[in-house]
Amino acid sequence: MSPRARTVRAFVAFALLLLAPRSFAAPPVVRTFDNGLRVAVWSDPRLPVLQIQVLVPAGSTQEKPRERGAARITAALLTLGTTSRDAAQFTTEVERLGGTVAASASLEYATLSGSFRAADLELAMELMADATIRPLFGDDEIANALADALQTVARSRQILGLVADEHVSARVFPGHPYGVPELGTLESVAGLGREQVQGFHRECYRPDRALLAIAGNVDAERVFALAEEHFGDWKGRARATPIPAPGGPAGPGIRLVDVPGATRAEIRLGLIAPGRNAPDALALDVANDLLGIGPASRLNAGTSGRTLRAYSTLALHREAGMLVLATAADNDSVPGMIDRMRGELRRFVAEPPSEGEVAASRRTLGRSFPIDNEGLISQVGQWLSAAFHGFSDDFADRHPERIQAVTVEDVRAVAARWFDADHAELVVVGAASAFEPALARMGKVEVVPLAAPAVQTAPSPAMDLSPPGVEALERGKALAARALAAHGGAARLRGIKDSDVASEVVLYGRGQTITGTQREQRREPWQLRIESTFRHVVAIQALNGRQAWSAAGAQADSILDADSLGVAEMRAVFLGDPLHVLLACTETGTRLAWRGEDEIGVRPTDVVEMVTAGEQRRVLFFDRETHHLVAMEDNQGSPLAGPALRRLFGEYRSQQGILWPHFEERLLNGERTLTLKTTQVRFNTGLAGAVFERPGQVTGGHRRR
Amino acid sequence: MKGTHWVVAVGLALIAGPAQAGAVTGDARLVTLKNGMRVILAPDDRATAVDVAVWYESGARFERTGKTGQAHLFEHLMFRGSERYDSGEHRRRVRAEGGSSGAYATHDFTCFYQTLPSDALELAFQLEADRMTGLELTQEALDSERRLVADERARQATPIRRGLERLYAMAWNTHPYRGSLFGLERDLERLTLQDCKSFYRARFGPDRAVVTVVGHFESEQALELARRYFEPLKPAGGRDQALPADKPVDAERRAVEPGVTPVRIVMAGWRGPRRADRDWPELSLLATLLTRASDARLTRALVVDPPLCLAVQGDMDSRRDASMFYLAASVAPQADSAEVESRLFGELGRLLVEPVGEEELERAKRQIETAVWFGLQTSRGRAQALGTGQMLAGDFQDLERQLERIRACTPADLQRAARHLDPARRNVLWLKPSQDAMPTSDPGGRP
């Protein structure tokens, strides 16, 4: 080598020392805004791009029991319009910048990610803030998102690996949010509507526990200023449902999900593990790598030279984690595979890894970390995850060195503590007939059909059709009696012989509204007239004893007679006002059963199922404090079985000693269909029978149902 | 003193800062070794890894008739060991250093890559040099990989991939591009160990290879390693015979393929210029403009109003000797096929008489640029850009030039490029569900 070349080489080496590579993922500049939002910024001038990510602790573990599946749907709706841009406009604006925006939710949090050119920083920040804070929740978008979610859940039942993963989580975390499928179930998703999705956003998408990360060719101060401008007005405190430490698996047990005719089976062995912050976490990462990740891992290498083609995964959440050994096998290999997997777990404890093996794994894991996280998107994602779990801002930078500090004793200790083959939950998804006897020799087997959800979500109180117990019946009766008293008392209610209620009506549908008026007149017994006027078009429906008729048109002069079914429908409407519903609670033969608690708006309520002697079922919601009837619902017992019509009552005022709602909102499957604002209520005015009589001429035949 | 001043100047230049922001290739340079191997060095002191990839001129286009499928087969065989390393040991050693490795084959080249911590650079050179001329090919390895390839063929047969294969078969008469990368099943079955050894000797020498070294490393050290490990390797020698010119397409060709998709899919493809030629970047921009936005022309015409299709996509497939501009639309169950074609081709015809608007052109440019820049975030991504440029256009700075041309592209340039989409030269393929099966044209796709 020439002297000149030697000099160049030496100087290059020296210069590179001076330019010592920035330590991997140099910590960002981090500030916390007054609203609690933590903002992190990295300036990286190498490429003219910009990455913005928002993390909100709005994962499926924050869902209330009746919100299962809402986290993912809410996240999906973030990019489908805001209050200032409809879905098409939002998409067009992102595309015009050449950018992309995507949102997703997992077990613990939701993220919104945007990739843009650095030159578009200001617009990008505004778009991301708008989507996070002010999503539109348009009617069509919600309907499509719910339909998509149902399809996704249905399709997931066909992917046996996913089915196995869901069931093993449910077994390892029984009764715990970590055990509930992130997608929800068919039943739970079918029961979701605007109320749940928008409510989830309202309660969970708040700044106090949220994180905002920006990386790219940007000036940090400018970024902070823009973040303050666009996210500074974001207010409130997020729902922070505490996630308890799990109680541990119920088993060990064996769950066999039957897929008749399958020729291969998915096998999972699940074990509980500590949380991400636990002292054992890093050593477990190393142990998992040695057990089932690398090509030389125990599961891969097999015993006696056989290749198991099994692998292991370790998921460490905040409160706890789960280690899963997984594989797929032909039916005749299933029992043998299970034995070998359990055998490897035992062997890991009995014949733990050597110093050399641990050193090799440490080396691999520590050195691969910077490579796996080389790009902006990965680096930002790493910081967000670390910050969510409460790690310091230099977590990514220090992670490789922390891995190197794991000793062989640490690995042996965690294996002894957590790799308990005898208490692993076993899940097999395949043809039960092929190997159930063999599994039965291993332990008690629970066989469930493929269609069964991994976790039985309790039906909402309103959908509960189970036979009520004695206590529930007594409680239901008592609650109804209190409600009756709160509304004026049975005697006063029975004293109402006629009523005349006028209202302003608004109809809702496909983003449009139509306003009109309605007058509802009742007279005991069995006389009812409902006259509605919309844009000068009058429609009348009437019941007069055993007859019913309707009329419509500008002059309401075309009249149709109802058949017997039409009469029955009108009689049901007659009995459907709050007054008659409350009186029905006192009738002999009516069964009242307390079904649980729920919330209407933010008011806690008692849910009481009412079934009349005529088998008419209705669900009543009584405010727990005032005992007012705040809602009632007609449903089929399951959102999959049929529609649910809910009527919400508010603005109660006393009228002649009777408490009467001056506002009503009707929802069909959670979507608002109409509102009624009462303008006048009168009782016992002496309505004449002629009001309900069918006017003269008949045209057409019987009323079409 | 002069030498000292020179050293200080070099040092200051090095200290001055990283490569100009926005530059694709940065400080990349190409060095040719004595045995013909080309080495592209692209250091980046801010990278956290180094990517070493070897690109061989061993794609499917180099296969002989009756011996198709070898290029793809070698994507797997190159990991089956040598005298020095056991089967699979390459991957294990890379992983042991914390790295990752992989390979893929195309019609023009195969690429073998690893991304590692910088201090494992020499290992990458050792491993690649070893298998470049020292691969141990056995009957057992051949038989085993042949079975795996059959599995892979079945798994990767998405409707669009199958459709694209068929379009190539229709659009070319004799060029090897008309064949599948997986090769013909009968060829694979008949392939012998000797065939494989011949292909290996002919296509995997250092003079058939380009090595890219990208990321955090010292250039002089890398060059020294290249000279130490690669330069002594004997070149494969020989010259590639030029392929005879393929007869141009002068009439529309149509075909129907039944039973491969749950919904109808219509695909249209045109032979296009080579990646290095004029109009390639313009056609690439046109594909983006036509399909990659919620209100892109074809999306509006076919998916939005009226909703004749469920989705539409398009691209400019990039190959060395020629490319294919293609469009594909999944057709809604109730839509009329003739109307779909009419609207699809009607929009293309409109391009010739009505220049695109400035705003939609700028949007498409930004979409491409943003995607390119994000693809260059990692050492692997940058290596991919440099290597494909070298292999397909003979220029590792090709992506830089493509971007310049895209930025400079005007509506008139797009109109000029759109003339390649001549109805008389198009190939139209309908993929239909099995219950809609109709007689198809001959396997060559000629009407």
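1. In this predicted model, helix H2 (residues 70–77) and helix H8 (residues 194–204) of chain A have axes that come within 9 Å and cross at roughly 80°. H2(A) is therefore roughly perpendicular to H8(A) (65 to 115 degrees). Axes are lines fitted to C-alpha atoms, for helices over the stretch in contact, with angles from 0 to 180 degrees between N-to-C directions. Helices (H or I, at least four residues) and strands (E, at least two) are DSSP runs, numbered from the N terminus.

2. H2(A) brings Ala70(A), Ala71(A), Ile73(A), Thr74(A) and Leu77(A) to the contact. H8(A) brings Val197(A), Phe200(A) and His201(A). Contact means heavy atoms within 4.5 Å. These residues divide into 6 nonpolar, 2 polar and no charged.

3. Chain A also has an open sheet of 6 strands, in the order S9-S10-S8-S11-S7-S12, with mixed pairing. Strands S9 (311–316) and S12 (445–449) of chain A stand at the edges with a single partner strand each, so one side of each has no neighbour in the sheet. From one strand to the next, the twist averages 20°.

4. Strand S7 (residues 254–258) of chain A runs parallel to strand S11 (residues 425–430) of chain A, joined by 5 bridges. Strands pair if DSSP finds at least two bridges between them. Asp258(A) has Gly430(A) as its bridge partner in S11(A).

5. Helix H6 (residues 160–172) of chain A packs on this sheet. H6 touches S7, S8 (264–273), S10 (321–330), S11 and S12 of chain A. Its direction makes about 30° with that of S8(A).

6. Residues are numbered from 1 along each chain as its sequence is written, and chains are lettered from A in the order in which they are written. Local features need pLDDT of at least 70, and side-chain atom pairs count only at pLDDT 80 or more.

Note on methods:
Side-chain values use heavy atoms; hydrogens and water are left out. Angles under 35 degrees count as roughly parallel, over 145 as roughly antiparallel, 65 to 115 as roughly perpendicular and the rest as oblique. Ala, Val, Leu, Ile, Met, Phe, Trp, Tyr, Cys and Pro count as nonpolar, Asp, Glu, Lys and Arg as charged, and the others, Gly among them, as polar.
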